[in-house]
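Have a look at the model first, then read on.

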Amino acid sequence: PGGAAYLFDLVSGLFEEFKNCDPGRLTVTVERAALRKLASPSSAVVGSLPRGSDVQGVRMLAGWFEVSDSSGRTGWIRKEQAR
């Protein structure tokens with residue numbers, strides 16, 4: 001029973017983070033942020049964003065931002081790579 005309750009709390013917390021997050025405008029703060037297809041460090045890189053790039057945050061999930069750049073390209077970057 002303890003394991004099931006832990007998993008439920010974990011998933012519930014991630015859902016609340018996802019549901020309630022509206023990141024808005026973000027700026028890349030690292031030299032180059034890899035833009036990934038999925039919110040995972042092992043996901044395919046679909047592009048990169050140089051420092052200072054302004055992007056629109058779409059949503060946040062477990063330490064990742066889904067973003068869209070000025071050309072309409074979308075992907076995921078690590079939360080600590082932008083503000």
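Glu-66 is buried, at a relative accessible area of 14% (buried means under 20% relative accessible area, exposed over 50%, and partly exposed in between, with a 1.4 Å probe and protein chains only). This is a predicted model, in which local features need pLDDT of at least 70 and side-chain atom pairs count only at pLDDT 80 or more, while totals for chains, interfaces and linings use all residues. Residues are numbered from 1 along each chain as its sequence is written, and side-chain values use heavy atoms, with hydrogens and water left out.

**Salt bridges**

- Three salt bridges turn up in a search of the whole structure; the term stands for a side-chain nitrogen of Lys or Arg within 4 Å of a carboxyl oxygen of Asp or Glu.
- Glu-66 pairs with Arg-59 at 2.4 Å, N to O, and Arg-59 is partly exposed at 30%.
- Asp-69 and Arg-73 form a salt bridge with their closest N and O atoms 2.9 Å apart; Asp-69 is buried at 14%, whereas Arg-73 is partly exposed at 31%.
- Glu-80 meets Arg-78 at 3.0 Å, N to O; Glu-80 is exposed at 54%, and Arg-78 is partly exposed at 29%.
- Side chains of opposite charge can pair when their charged atoms come close.

**Around Met-60**

- Met-60 sits in strand β4, residues 54-61 (strands are DSSP runs of E, at least two residues, and helices are runs of H or I, at least four, numbered from the N terminus).
- Met-60 is buried, with 10% relative accessible area.
- The C-alpha atoms of Met-60 and Arg-78 are separated by 9.5 Å, and the two residues are 18 residues apart along the chain.
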